[in-house]
Amino acid sequence: MKKKLILASALSLSLALAACNGNDDKENGGTDATEGLETNIVTIATGGASGPYNIIGTTLADQYVKEFDVNSRTQTTGASVENINLLEQGKAEMAFVMSDALSQAVNGEVSFKEPIKNVSQIATLYPNVVQIITKEGSGIKTIEDLKGKRIAVGDQNSGVEINARVLLNGHGITYEDVKVDYLGYAEAADGLKAGTIDAAFLTSGLPNASVMELAETTGIQLVSVNADKVAEIAKEHPYFISYDIAVDTYKNEEAITTAAVPNALVVRTDMSEDDVYDLTKKFFESIPTLQNSHQAANDITLDAAQESVVAPIHPGAQRYYDEQKK
């Protein structure tokens, strides 16, 4: 009996000390261990393996694993259109997409036969810059010079391909006027290097790893898009903006004017408000880490995240934004 009393007293003392330590942690700014999410899986649909979507998405997935102890990973895809379809099919929880593809999805246009319901926006991200690349000496200096050329326009139905088509059409060029190859970033860079294509659209945050690698081994030239023409195209496609690729981004000696489309971080609409609130909160807390993974993330800010929103904001993300205003 005496031994039982001693053991019981010791156990009570241990529990009391643990409770005190927990209170001390809270008083000192500490927090209890994360309770976790309702979902056990957070698959993030991204894009090509060498693109900013995949690099930033992989870093974000790592943050979710550490914070919530969930199975979070990225899925390499053909990007925007495929990503939105994966959300609709319940095969991914989050995705990086371009605003043009997202606009078409919510309106049931172009690549989408009917409006997509199971997609909500968390944030507007950094601008995706239309980088039209050719070899030095090709004679291709402006987008108008692409007529009659063999060009890579991104994976079929990707965000890259969607804006390539719109920009070409806005300059009076259809796919019948060019020879089209559906190639992702790395394949397009290889095609330029081998001389099997004349030019390539690589739309992404700056810099694009495939273009950087190509610039190191092959003389390249950036193709310009006139700012006035971009403004004209934006009357029908308001997600387009004019953008200057800065000097020395890819060893270019002068700034090159082109077009850009904002990116968006989206989630399935059917995810719980609490889960999306937690995912949104951790996303913004992780921005310094995301910036270390790729400089395109330098343009992600809390204020800009709420601008140029294309799809409905998920209630969980909205709750986070409302809290920041208090």
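The points below go through a few residues one by one.

1. A word on the basis. This is a predicted model, in which local features need pLDDT of at least 70 and side-chain atom pairs count only at pLDDT 80 or more, while totals for chains, interfaces and linings use all residues. Residues are numbered from 1 along each chain as its sequence is written, and side-chain values use heavy atoms, with hydrogens and water left out.

2. Let's start with Glu 93, in the loop between α3 (80–88) and β3 (94–98). (Helices are DSSP runs of H or I with at least four residues, strands are E runs of at least two, and both are numbered from the N terminus.) Is Glu 93 buried or exposed? Glu 93 counts as buried because its relative accessibility is 9%, and buried means under 20% relative accessible area, exposed over 50% and partly exposed in between (1.4 Å probe, protein chains only).

3. What does the side chain of Glu 93 contact? It makes a polar contact of 2.9 Å with the side chain of Arg 268. A polar atom of the Glu 93 side chain also lies 2.7 Å from the backbone nitrogen of Thr 43. (A polar contact is a pair of N or O atoms within 3.5 Å; within protein, one must be able to donate a hydrogen and the other to accept it, and residues adjacent in sequence count only if both atoms are side-chain atoms.)

4. Now for the backbone. The peptide bond between Leu 206 and Pro 207 is cis, with omega about -10°. Pro 207 belongs to the loop between β7 (199–204) and α7 (209–217).

5. Two residues other than glycine deserve a glance for their positive phi values: Asp 69, near 55°, and Lys 251, near 65°. Asp 69 is in the loop between α2 (52–68) and β2 (71–75), and it is exposed because its relative accessible area is 70%. Lys 251 is in the loop between β9 (241–245) and β10 (256–267).

6. Finally, Glu 187 lies in helix α6 (residues 185–194). With a relative accessible area of 44%, Glu 187 is partly exposed.
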